[in-house]
Amino acid sequence: MENSAGKNMAMDFIIPRTHATELLSSKVVSNANFSRKEENLPIDIKENLAITKCSGETQANLASVITHYVETLNQYSLRNLGYPTNQNFNYDTLASLLHFHLNNAGDPFLGSSFSLNSTRFEVCVLDWFANLWEIEKNKYWGYVTTGGTEGNLHGILVGREQLPDGILYTSQDSHYSIFKIARMYRMQCMKVSTLVSGEINCVDLKALLLAHKDKPAIINLNIGTTMKGGVDDLDLVIQTLQECGFTRDRFYIHCDGALFGMMLPFVEQAPRITFEKPIGSVAISGHKFLGCPIPCGIVITRLRYINALSRDVEYIGSRDVTITGSRCGHAPIFLWYAIKRKGLIGLQNEVRKCIMNAHYLQSRLRNAGIGAMLNRFSSTVVFKRPLDEEFTRRWNLACKGNIAHVVVMQHVTIEMLDSFVAEFLQKRSIWFEDEQFQHVCIAKDIGSGNCGCSMHTIQCHD
């Protein structure tokens, strides 16, 4: 009887209680805490996108939907200013690869029993980044990730495995993934205050380290914060750890490079992010500066740390040491192609152009009376948040509190910036005719020297 009941329970669990045709009209489940945002699309577009035909759709109809979507994307690209994704790329040469499923499951340095992989390309990309961040080939390990968040997941996991009772320290301006990771790994997390630039406040860090001196420290170091592009001072963080009595075996530093971890090595007089210093790992997003049609990233760590994470898996003929199992085999080839095509000189020229255009935007805004901040070595221009949400969405701006930003990437031209500033000024003149809108001081966000409010403008001129 027990076996029979067990079988019935298993069958109840496996077999759906509704037929597939009944699912076509299923309702969206929502409550006070969670709901799905419905896009305000024309009815004909919604009908074309909905998957409802049991017999399948014709190739012509599908092509028509995609053509319309591409036209929409082209319009969005003309005003894509707020998020760090380089749209200036061309991978037409690689189109034939879309006829293959490429899967890099397992350790890229060992390969796997699945032959349709691109691990040879992946290792070449990893070697290039290892050289960029100054660690010898026989002393590093890494892989191509799905993006910056997975790189952070892996880097902080390596730190946690080295220091199981370690406390995670990260600035309040860190990417949201860091706090999510702390929750996922159930790590004690100390949020450290920041300077106006977005850089970690080492005075506050020191106080927190001293208050928890009995436990090891796992530091998340930001190489360009999400909103302000502030770069944490690696040397000062290391000095602070040493002053607090943390020896090399009692701290681990993960560097969240996201966008600027790729740019900083090409900027003159910029601080060096290098494994010659006592860091444990570096992660960047590949789709940000290099540009890629799919999200991807890189994580590099020290080889000696990896054994604690790895397990042999006979099924794939490799080691399981990555966060995900199956990994996109196309992403490493896109990255390889971009690096080979541009070369070091090409990448350096792109970095210079982005930073130069960022200075141009800051100057245009400040000359127009709009307060704007641009950190040194950065291409992120921070300014007062526009009062019109429609304008914000139109230019795809990222906002937080009273501030917004433009991240100047390779696809952002002077003409695009001029158009943005002209429309911004036109909108501002309309907003402030309305008595409901008032000028807001953002000195606490970007500093009094950068604030464009009347009080601080007068102070700057005195």
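**Entry 1: Ile370**

Which residues does Ile370 touch, not counting residues up to four places away in sequence? I looked for contacts, meaning heavy atoms within 4.5 Å, and found Leu365, Phe383, Phe424, Leu425 and Arg428.

I note that this is a predicted model, in which local features need pLDDT of at least 70 and side-chain atom pairs count only at pLDDT 80 or more, while totals for chains, interfaces and linings use all residues. Residues are numbered from 1 along each chain as its sequence is written, and side-chain values use heavy atoms, with hydrogens and water left out.

I located Ile370 in the loop between α11 and β10. Helices (H or I, at least four residues) and strands (E, at least two) are DSSP runs, numbered from the N terminus. Is Ile370 buried or exposed? Ile370 counts as buried because its relative accessibility is 2%; buried means under 20% relative accessible area, exposed over 50%, and partly exposed in between (1.4 Å probe, protein chains only). I also looked up Lys384, which is 14 residues from Ile370 in sequence and 7.4 Å from it in space, C-alpha to C-alpha.

**Entry 2: Helix α11**

I followed α11 through residues 330-367, 38 residues in all. Its end C-alpha atoms are only 45 Å apart, whereas a straight helix would reach 56 Å at 1.5 Å a residue. The expected span is 1.5 Å times one less than the number of residues. Where does α11 bend? I found a bend of about 90 degrees at Gly343, taken as the angle between axes fitted to the seven residues ending there and the seven starting there. Just after the helix, Gly369 has a positive phi of about 85 degrees.

**Entry 3: The sheet**

I traced an open sheet of four strands, ordered β10-β11-β13-β12, with antiparallel pairing. Two strands pair if DSSP finds at least two bridges between them. The edge strands, each pairing on one side only, are β10 (372-374) and β12 (398-400). On average, neighbouring strands are turned by 25 degrees against each other, direction ignored. Axes here are lines fitted to C-alpha atoms, for helices over the stretch in contact, and angles run from 0 to 180 degrees between N-to-C directions. Helix α11 packs on this sheet, where it touches β10, β11 (380-384) and β13, and its direction makes about 160 degrees with that of β10.

I then took the strand pairs in turn. Three bridges link β10 and β11, and Met373 has Val382 as its bridge partner. Five residues lie between these two strands in their hairpin, where Phe377 takes a positive phi near 70 degrees. Five bridges link β11 and β13, with Lys384 opposite Ile403. β12 and β13 (residues 403-407) are joined by three bridges, and Ala398 is partnered by His405. How many of the five residues of β11 are buried? I found that five of its five are.

**Entry 4: Helix α6**

In α6 (residues 176-184), I noted Ser177, Ile178, Phe179, Ile181 and Ala182 as buried. The elements covering these buried residues include α5 (148-162), β2 (167-171) and β5 (251-258). Arg186, which follows α6, has a positive phi near 55 degrees.

**Entry 5: Cysteines**

I searched for disulfides, defined as pairs of cysteine sulfur atoms within 2.5 Å, and the count is zero. Cys202 is buried at 9% relative accessibility, whereas Cys124 is partly exposed at 43%.
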